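Below is a short briefing on one protein chain. Please look over the sequence and the structure first; the notes after them are grouped by topic.

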Amino acid sequence: MKRKKLGHVMSFSRMFSFISFLSATLAWILNIYAVFAISVASLVVSAVLYMRDKPA
């Protein structure tokens, strides 16, 4: 995926990890384990995206 900036704030991979982190935290607080598992999987995917988008 191209390194496309969303304004001056964050790249797609950082936005994806931010949303995954927020949803995982909310699911953990509300004890919704299915959403928590999906959010943790999304965090893993976002880590892979970040490592791929990270400039050398």
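This is a predicted model: local features need pLDDT of at least 70, side-chain atom pairs count only at pLDDT 80 or more; totals for chains, interfaces and linings use all residues.

**Helix pair briefing**

The side chain of S46 comes within 2.7 Å of the backbone oxygen of L43. S46 itself lies in helix α2.

**Overall make-up**

- The protein chain contains 2 helices and 2 strands.
- Read from the N terminus, the order of its elements is β-β-α-α.
- The protein chain has 56 residues, of which 16% count as buried.
- Among contacts in the protein chain with a separation of 6 or more, 50% come from residues 24 or more positions apart.

**Packing of α1 against α2**

- Two packed helices are described by the angle between their axes and by the distance between those axes.
- Helix α1 covers residues 12–29, and helix α2 covers residues 33–53.
- The two helices pack at an angle of about 160 degrees, and their axes are 8 Å apart.
- Angles over 145 degrees count as roughly antiparallel, so α1 and α2 are roughly antiparallel to each other.
- The crossing of α1 and α2 is left-handed.
- On the α1 side, the residues making the contact include F12, F16, S20, A24, A27 and W28; on the α2 side, they include V35, F36, S39, L43, S46 and L49.
- By type, the residues of this contact comprise 12 nonpolar, 7 polar and 2 charged.

**Residues of α1**

- S20 is found in helix α1 and touches S39, S42 and L43, leaving out residues up to four places away in sequence.
- S20 counts as buried because its relative accessibility is 4%, and buried means under 20%.
- A27 is also placed in helix α1.
- With residues up to four places away in sequence left out, A27 touches I32, V35 and F36.
- A27 has a relative accessibility of 4% and therefore counts as buried.
- The C-alpha atoms of A27 and A37 are 8.9 Å apart in space, and the two residues are 10 residues apart in sequence.

**The loop between the helices**

- N31 is found in the loop between α1 and α2.
- Most residues other than glycine have a negative phi.
- N31 is not a glycine, yet its phi is positive, at about 55 degrees.

**Residues of α2**

- F36 has its place in helix α2.
- F36 counts as partly exposed because its relative accessibility is 29%, which falls between the limits of 20% for buried and 50% for exposed.
- Not counting residues up to four places away in sequence, F36 touches A24, A27 and W28.
- F36 and S20 are 16 residues apart along the chain, and their C-alpha atoms are separated by 9.5 Å.
- S46 is buried, since its relative accessible area is 2%.
- Its neighbours within four places in sequence aside, S46 is in contact with S13, F16 and S17.
- S13, F16 and S17 are among the α1 residues that make the contact with α2.

Key
Residues are numbered from 1 along each chain as its sequence is written. Side-chain values use heavy atoms; hydrogens and water are left out. Helices (H or I, at least four residues) and strands (E, at least two) are DSSP runs, numbered from the N terminus. Buried means under 20% relative accessible area, exposed over 50%, partly exposed in between (1.4 Å probe, protein chains only). Contact means heavy atoms within 4.5 Å. Axes are lines fitted to C-alpha atoms, for helices over the stretch in contact, and angles run from 0 to 180 degrees between N-to-C directions. Angles under 35 degrees count as roughly parallel, over 145 as roughly antiparallel, 65 to 115 as roughly perpendicular and the rest as oblique. A crossing is left-handed if the near helix is turned anticlockwise from the far one by less than a right angle, and right-handed if clockwise. Ala, Val, Leu, Ile, Met, Phe, Trp, Tyr, Cys and Pro count as nonpolar, Asp, Glu, Lys and Arg as charged, and the others, Gly among them, as polar. A polar contact is a pair of N or O atoms within 3.5 Å; within protein, one must be able to donate a hydrogen and the other to accept it, and residues adjacent in sequence count only if both atoms are side-chain atoms.
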